[in-house]
Amino acid sequence: SARSILITQIRQRVVHAVETPAAQALFIFALFLALFLTDCITLLSAPDAVDYYVNITLIVVLFLFSAEFLLNFACRDKYPFSFYFWMDLLGTFSIIADVPWLSDGWLPDGAEIGT
């Protein structure tokens, strides 16, 4: 049917958009921020005032990873419950532990990861 063809075309366009070099570069940059930002801030002994901006940055990264996860889930047939699905899910949720605003009440006091 026409509706089925339209949905297939939209899914293909979304997958293509996620796979463009620009999108991949953005996701790799976000990955490096998620992996190393809090450690770099700690290593530099940055003042506490920087924490606000680090938290905002990590929330933006969380949003990007969540969007990529949801787009892959909706548009890739073999993605749901694959190895990459679980790795992306775990990685996305692990960012929550790095942001005290999001992990308050979820983790014990003082148990923030990377801060």
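1. Aromatic pairs. By the ring rule (rings of Phe, Tyr and Trp, the latter by its six-membered ring, pair if their centres lie within 6.5 Å), the count comes to 13 aromatic pairs. One of them joins Phe69 and Tyr79, with 6.0 Å centre to centre and 70° between the planes, and is edge-to-face, where planes under 30 degrees apart count as stacked, over 60 as edge-to-face and the rest as tilted.

2. Basis of the values. The model is predicted, with local features needing pLDDT of at least 70 and side-chain atom pairs counting only at pLDDT 80 or more, whereas totals for chains, interfaces and linings use all residues. Residues are numbered from 1 along each chain as its sequence is written, and side-chain values use heavy atoms, with hydrogens and water left out.

3. Helices H1 and H3. The axes (lines fitted to C-alpha atoms over the stretch in contact, with angles from 0 to 180 degrees between N-to-C directions) of helix H1, residues 2-19, and H3 come within 9 Å and cross at roughly 140°. Arg11, Val14, Val15 and Val18 of H1 meet Glu68, Leu71, Asn72, Ala74 and Cys75 of H3, contact meaning heavy atoms within 4.5 Å.

4. Ile41. This residue of helix H2 touches Ala46, Val50 and Val54, leaving aside residues up to four places away in sequence. The C-alpha atoms of Ile41 and Val54 are separated by 8.4 Å, although these residues are 13 residues apart along the chain.

5. The largest pocket. On a 1 Å grid over the protein atoms alone, a pocket is an open set of points where a 1.4 Å probe fits, with protein on both sides within 12 Å along at least five of seven lines, and lining residues have an atom within 4 Å of a point. The largest pocket is lined by 23 residues, of which Leu31, Phe65, Glu68, Met87 and Asp88 lie nearest its centre.

Definitions and conventions. Helices (H or I, at least four residues) and strands (E, at least two) are DSSP runs, numbered from the N terminus.
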